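This briefing sets out selected packing and contact features of one protein chain. The points are grouped by topic for reference alongside the coordinates.

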Amino acid sequence: MLTITIGATDVYDESAERFSTEGGVEVQLEHSLVSLSKWESEFEKPFLGKGDKTTEEALAYIGYMVVGQNPPEDFLQKLSKENLERVHAYIERKMTATWFSEQPGAPKSREVITSELVYYWMTVFTIPFDCETWHLNRLFTLIRICNIKQSKPQKMNRSEATRRNRELNAQRKEQLGTTG
């Protein structure tokens, strides 16, 4: 969850010789499947698609990220550049210690991901719907782990095995200082 302060002003207190922040409203945001599905319900297109979002669409998504108390109606117009940068950085965060080693030359999926597809994956992998409020990248990591753990290990084809063995033999020759 991200907490940002909107509409605050920095004031210098001459007697104390320090700056302080006055006013403003704290807003809590979550980049989650719930936010994603609300946005897709309004705009009727995939949020995670390749196309760029308009300013209106991006601000609407921030509005759907709000959790807890309702902020003032005009809070989206009061977002500072720093607020927007923090929201963007929060959305881009990995939010997990898990990492994956990508296979070189592995094909990238061209599947269009929508909130309904993510809910389907959650159903297939029996992931509790409570996870719909997790940071979206963390939820995607869990789904990917479930997919990996439930899939059968793939055998290397003959050319990949030959290439791998050549590389291992070359490494051993170099380590041992031999020619073969």
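This is a predicted model: local features need pLDDT of at least 70, side-chain atom pairs count only at pLDDT 80 or more; totals for chains, interfaces and linings use all residues.

Why does His135 count as buried? The relative accessibility of His135 is 6%, and because buried means under 20%, the residue falls in that class.

**Surroundings of His135**
- His135 is located in a loop that runs between α4 (115-124) and α5 (136-150).
- Its side chain comes to 2.8 Å from the backbone oxygen of Tyr90.
- Leaving out residues up to four places away in sequence, His135 is in contact with His31, Tyr90, Ile91, Arg93 and Met95.

**Nonpolar core**
- The largest nonpolar core holds 32 residues, and those touching the most other members are Ile4, Leu29, Val87, Met122, Ile127, Leu139 and Ile143.
- At least two residues of this core come from each of β1, β4, α1 (33-43), α2 (55-65), α3 (81-92), α4 and α5.
- Met122 has contacts beyond four places in sequence with Leu33, Ile127, Pro128, Phe129, Cys131, Glu132, Leu139 and Ile143.

**Strands β1 and β4**
- In β1 (residues 2-6), Leu2, Ile4 and Ile6 form the covered face, whereas Thr3 and Thr5 form the uncovered face.
- Five bridges join β1 to β4 (residues 25-29), and the two strands pair in the antiparallel sense.
- Within this pairing, Val25 of β4 is the residue opposite Ile6.

**Helices α1 and α4**
- The two helix axes cross at roughly 145 degrees and come within 9 Å.
- On the α1 side the contact involves Leu33, Leu36, Ser37 and Glu40, and on the α4 side Ser115, Glu116, Val118, Tyr119 and Met122.
- Sorted by class, five residues of this contact are nonpolar, two are polar and two are charged.

**Cys146 in α5**
- Cys146 belongs to helix α5.
- Cys146 counts as buried because its relative accessibility is 16%.
- Phe125 and Cys146 are 21 residues apart along the chain, with 6.5 Å between their C-alpha atoms.
- When residues up to four places away in sequence are set aside, Cys146 touches Phe125 and Ile127.

Conventions: Residues are numbered from 1 along each chain as its sequence is written. Side-chain values use heavy atoms; hydrogens and water are left out. Helices (H or I, at least four residues) and strands (E, at least two) are DSSP runs, numbered from the N terminus. Buried means under 20% relative accessible area, exposed over 50%, partly exposed in between (1.4 Å probe, protein chains only). A polar contact is a pair of N or O atoms within 3.5 Å; within protein, one must be able to donate a hydrogen and the other to accept it, and residues adjacent in sequence count only if both atoms are side-chain atoms. Contact means heavy atoms within 4.5 Å. Two strands pair if DSSP finds at least two bridges between them. A nonpolar core is a set of buried Ala, Val, Leu, Ile, Met, Phe, Trp, Tyr and Cys residues joined through side-chain atoms within 4.5 Å. Axes are lines fitted to C-alpha atoms, for helices over the stretch in contact, and angles run from 0 to 180 degrees between N-to-C directions. Ala, Val, Leu, Ile, Met, Phe, Trp, Tyr, Cys and Pro count as nonpolar, Asp, Glu, Lys and Arg as charged, and the others, Gly among them, as polar.
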